[in-house]
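Subject: Structure for you to look at

Dear colleague,

Here is the structure that I promised to hand over, together with some notes on what was found in it. Please open it first and keep it beside you while you read.

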Amino acid sequence: MSDTTTAPVDRQIETIRRLVQDDALLPLVEPVLAGERLSFDDGLTLIESTDLLTVGRLADLRRRALHGDEVFFNHNRHINHTNICRIKCRFCAFSRTQATHDGAYAFSHDDMVEQALEAAELGVTEIHVVGGEHPDITYEWYIELVRRMHQAVPQIHLKMWTASEIRHLGRLGGGLSDTQVLQDLVDAGLGSMPGGGAEVFSQRVRDLVCRGKDTAEEWLEVHRRAHEVGVKTNCTMLYGHVETLEERIDHLERLRELQDESLATRATFEQTGVLPDVNRTGTVGAFQCFIPLAFHPENTVFARRGWAFTAGSDDLRMVAVSRLMLDNIPNVKAYWVMISPELAQVALHFGANDVDGTVMVERIVHMAGAKTQQETQQEKLVTLIQGAGRIPVERDTVYNELRRWEPQSPAGAR
Amino acid sequence: MSDTALAPTAGSDADRELVARELRLGRIDFLNMYPMHWALGIEPTTSGVPTDVNRAIIAGDIDVACMSSIEYARHADELVLLPSMCISAEGAVGSIFAISNVPFEDVTDVWVTPQTATSVVLYQLLTRLRGFRPEIHLLEGAPADVLLQGDRRAVLLIGDDALAARGSAPLARHVFTDLGERWLSETGLPMVYAVWAVRREAVERAPDAAAALDRLLVEGVAQFGRTEDAVDQAAHHFSIDPHSARAYFDRLRYAFGRDERKGLLRYLRMANEQGFLGTVPQPAYVEVDEPAAGASPASSSAVASDPESLRRTYLATVGSKRALDETPEDDAHVEMCLDMEADGRARDVDDVLHRALDGQRIDEVDALALLQTSRLMDVGQVAHALRLQKTPADEITFIVDRNINYTNYCLTDCGFCAFYRRPGDEAGGGYLHSAETIIEKVRETVELGGTAALLQGGHNPDLGVEWYEELFRAIKTAHPTFHLHALSPPEIQHISKRSKLSVGDVLARLRDAGMDSLPGGGGEVLVDRVRRVMAPKKTKTDDWLGVMRTAQRMGMSTTASMMYGHVELLAERALHFQAVRDVQDESHGFRSFTSWTFQPGGTPLGKLLEAGAAPYQKHLPPTPTPYTYLLTQAVGRIYLDNLDNVQSSWVTQGLKVGQAALFFGANDMGSIMIEENVVSSAGTTFRATTEDFVHLIGAAGFTPVQRDTLYRTVKTY
């Protein structure tokens with residue numbers, strides 16, 4: 001039988017050496033196989049290479065070493081509690097700066113609880129909440145929201161608010177520390193934090209696209225504190241606008257550095273049993289997953305300037321280079337809502353081992369014109385993963401396996 | 001709608017009498033209402049357009065009607081709903097369109113008819129979700145005129161007007177946004193267009209009659225779905241062809257299930273938020289017993305979908321009683337294919353790939369082994385390496401041309417086609433472009449920097465060779481250097497039969513009139529067993545190849561293609577590759593090869609496959625995914641060693657995968673497709689511009705080169 005998902009590793013290396021189009025990649029083969037850390041320059045070599053398939057194949061070798069043939073997805077629902085926002089990020093097609101603007105909305109606690117109950121009925125295991133930084137909501141409103149939702153659906157994991165919003169909460173609370181805000185949220189029932197709002201860390205880029213939003217250091221600091229308090233988080237990069245390739249690699253490096261720190265704290269705890277002073281949860285958090293987010297210019301100021309959507313090859317190399325550079329972050333996600341389910345399937349051979357979830361009602365992306373249907377059945381994701389020769393595994397938010405679909409017979413009738 | 005000669009037998013006569021005696025019924029004379037009123041077989045007190053019927057029930061002139069959702073909501077206090085029935089669609093409904101001369105989001109003014117309020121509100125909710133508010137005007141006069149008289153305009157058409165507008169020539173170039181489809185993508189829910197409402201006092205007076213009505217509807221609509229003649233009768237009554245009617249009923253749902261109720265509530269809640277209602281109603285429902293056994297409303301589509309009746313419908317559609325037979329000859333052929341597949345699985349994939357890289361020719365079983373493997377990256381990388389050797393390594397080409405589908409009238413009834421109309425079915429959207437229209441399209445193409453047209457159409461019985469000669473001469477007189485890439489082999493064969501000329505004579509005359517090259521359309525899968533299932537009346541393999549051989553011997557350039565992922569076995573894809581390569585060895589007349597996956601949306605063949613009712617279905621490979629697509633393209637590149645150009649199919653795969661395909665053996669992105677009717681009829685709609693292509697090719701690290709049909713450079717970017 002020649003029909004295995006991937007050839008044995010030594011055969012693959014032979015193939016890489018034989019088929020490589022860009023010789024600059026050859027020196028990276030051994031380090032990648034050995035799981036060695038790649039440098040900034042290595043990252044640039046990878047991302048600048050036009051030999052997409054060799055880059056993808058190297059990333060796939062790393063993915064395979066970490067995850068075998070398993071690909072994760074979950075049952076999740078996204079709720080954006082408001083689209084009214086004090087900041088005017090230029091890549092955002094979602095926000096309204098005034099409550100009186102067309103289409104502006106802000107959900108009440110009751111609205112949110114109702115939607116959470118609806119989600120529970122659908123068998124969702126995670127609710128993902130992010131929204132605008134509404135200037136007129138109080139700190140207590142946020143904390144109470146988490147409490148009410150957690151009480152209503154205690155079985156559902158609440159993954160809520162980006163770093164920028166945590167900072168916003170601190171300001172609303174009259175200058176509370178990140179740690180304080182995070183502790184209050186955890187006490188109220190917060191499960192973990194999503195990775196949005198990282199955009200691209202370069203200040204040059206942030207000045208161009210999201211002036212007024214928190215800086216890279218602030219974003220990283222919030223996640224540092226979250227990990228310390230015991231909150232697991234995700235991380236992202238919004239690519240495909242004004243950033244350079246160097247700035248993309250720089251972004252990945254900064255994430256990698258913070259993850260080193262958090263993993264070191266965790267290791268210390270595991271060896272000594274000593275937790276950071278602020279930690280009341282009994283665990284140390286870290287990044288669980290990196291999600292490269294393809295920029296959607298539709299309905300933003302960039303569309304009017306003739307900005308194009310990211311090319312499929314760019315999405316694939318971003319997945320691959322992330323997998324290779326982020327050696328200390330376990331999972332890399334091909335987020336199908338952003339890059340289309342079709343390309344997400346292909347990305348499973350370029351280093352991705354997660355496709356996100358069933359994603360109900362993702363308002364932010366869809367207002368920017370992503371054409372994917374908001375509600376995709378589990379069946380579609382399972383078919384997509386199996387079609388790529390991989391094993392679908394439903395996970396919870398913190399990557400515990402909930403269900404797996406064992407490989408089918410190769411005949412696979414319709 | 002009095003011609004219910006073919007009365008339903010489902011439901012009890014006692015129920016029917018009770019309802020007829022106790023309740024005054026209203027009826028909207030739209031096609032979507034037909035199955036329910038057929039089911040009842042009760043003469044209405046009032047009938048007319050939605051506004052008439054809505055008004056009658058609100059005024060208390062009638063007791064019950066299936067009425068517009070929004071009008072129900074405005075008077076929900078006085079009305080009680082039947083719990084089992086509504087009219088909804090999950091996604092495209094096919095009869096509610098915003099037709100605009102710019103993309104949906106760019107519309108500033110919209111013209112609506114007063115006939116229904118539900119769709120007008122729906123349109124406004126959908127626009128506001130996207131942050132814009134077109135101004136509403138009342139439509140008087142022809143929709144096409146309104147659209148012509150200014151930019152950024154839309155016309156909202158519903159019901160039978162919308163059915164007629166779809167495919168009508170004056171509107172063909174506009175953007176059709178199906179509001180049902182849009183609603184689904186915004187909310188993930190079905191859209192409920194109409195509900196059965198009973199006046200509260202009538203329910204209090206005659207609760208049993210209301211319950212009986214619900215029962216009659218559930219049982220009768222299920223029977224409608226099983227009664228083919230009833231669909232034909234509906235089609236006849238509304239003067240549309242049965243094929244279109246069936247497709248339409250297939251999209252509609254009549255069951256008022258959990259999702260439909262959620263969809264209705266979501267709609268009403270949003271309508272209220274946006275100021276179209278004073279309050280969100282809490283619907284009250286008529287009390288009924290358990291749903292009748294055997295008529296579960298969950299089997300919601302009005303047309304039956306059990307495999308047996310699907311097979312009957314399919315055979316009637318493709319016009320052959322034998323299309324789905326599994327004959328002894330087929331058995332032997334399939335057995336041979338399965339043996340070949342076993343041989344393929346026994347091959348060492350690495351060995352096959354190494355031989356290919358060494359420049360050796362691989363055989364059909366080798367190709368099959370590659371199609372069977374899930375090692376996409378291995379196959380892709382070899383295909384890419386071979387393509388870099390074969391065509392300029394740093395260039396990716398594309399063409400700016402236009403698909404002109406000159407007619408959609410067709411006699412051939414292919415099971416996979418969502419585009420064609422039966423000859424004479426003008427009401428159902430059939431058309432034949434005049435020479436003036438076609439020349440105008442050519443002129444527009446030239447203006448947009450286009451160099452060629454891909455001219456293909458249905459097998460129209462009215463068109464003999466003279467029609468084409470005149471057309472081609474006229475085009476060439478107006479645009480002498482414009483390239484006519486025209487008429488696939490089945491069309492040539494059709495003309496040859498129609499005009500009683502040999503294929504050679506037809507080709508010679510058309511060439512003399514200005515035809516430059518022949519596209520590879522209609523190739524599908526070049527295995528007769530497959531062709532008999534999917535298109536029994538269409539050109540068989542030898543004839544298809546014969547037309548190509550003849551054209552190539554005359555020095556005409558041609559292309560080859562494969563449309564797969566329907567009723568063919570995996571081995572039959574390899575056999576298709578073999579047929580193409582063998583002819584290419586003889587005459588080297590295929591300029592390029594393109595493969596794409598069957599787009600099942602709305603086609604009879606798609607439904608047949610979905611129901612598991614195709615011949616030898618248990619031996620068919622899984623439905624293709626993008627992964628299959630890339631792998632198949634790569635195998636094509638490796639196996640077809642005597643062909644230079646491989647084109648990716650962004651039209652079927654989307655721009656993301658279509659572009660990534662440049663690393664899996666393709667050296668050409670095909671056409672920007674100024675007009676694409678055939679694929680978009682099946683629901684796959686992607687659009688691109690020259691700028692998009694230049695961006696996408698550049699992003700892959702290659703130089704974008706605009707080429708002409710014969711792969712000569714037009715412009716390097």
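Predicted model: local features only at pLDDT ≥ 70, side-chain atom pairs only at ≥ 80, totals over all residues.

Residues are numbered from 1 along each chain as its sequence is written, chains are lettered from A and ligands numbered from 1 in the order in which they are written, and side-chain values use heavy atoms, with hydrogens and water left out.

Chain B as a whole

Chain B contains 30 helices and 22 strands, where helices (H or I, at least four residues) and strands (E, at least two) are DSSP runs numbered from the N terminus. Its radius of gyration is 28 Å, close to the 27 Å from the globule rule for 717 residues, so chain B is as compact as a globular protein of that length; the radius is taken over C-alpha atoms, and the rule is 2.2 Å times the number of residues to the power 0.38. The C-alpha trace of chain B spans about 85 × 60 × 50 Å along its principal axes.

Of the 717 residues in chain B, 64% are buried, a word that stands for under 20% relative accessible area, with exposed meaning over 50% and partly exposed in between (1.4 Å probe, protein chains only). Among the contacts in chain B with a separation of 6 or more, 79% are between residues 24 or more positions apart, a contact being heavy atoms within 4.5 Å.

Salt bridges

Over all chains, the structure holds 80 salt bridges, each defined as a side-chain nitrogen of Lys or Arg within 4 Å of a carboxyl oxygen of Asp or Glu. One of them joins A:E70 to A:R404, with 2.5 Å between the closest N and O atoms. This pair links distant parts of the chain, since A:E70 sits in strand β1 (residues 70-74) of chain A and A:R404 in strand β10 (residues 401-404) of chain A, 334 residues apart. A:E70 is partly exposed at a relative accessible area of 24%, and A:R404 is partly exposed at 27%.

Another salt bridge brings together the side chains of A:K159 and A:E126 (3.0 Å, N to O). A:K159 belongs to strand β4 (residues 157-160) of chain A and A:E126 to strand β3 (residues 126-130) of chain A, so the pair ties together parts that are 33 residues apart in sequence. A:K159 counts as buried at 5% relative accessibility, and A:E126 counts as buried at 1%.

In chain B, a salt bridge links B:R16 and B:D13, whose closest N and O atoms are 3.7 Å apart. The two are three residues apart in helix α1 (residues 13-22) of chain B, and are therefore separated by about one helical turn. B:R16 is buried, with a relative accessible area of 14%, whereas B:D13 is exposed, at 53%.

One lysine

B:K262 is located in helix α13 (residues 258-273) of chain B, and is partly exposed with a relative accessible area of 22%. Leaving aside residues up to four places away in sequence, B:K262 touches A:E118, A:L122 and B:L189. The C-alpha atoms of B:K262 and B:V192 are 9.3 Å apart, although 70 residues separate the two along the chain.
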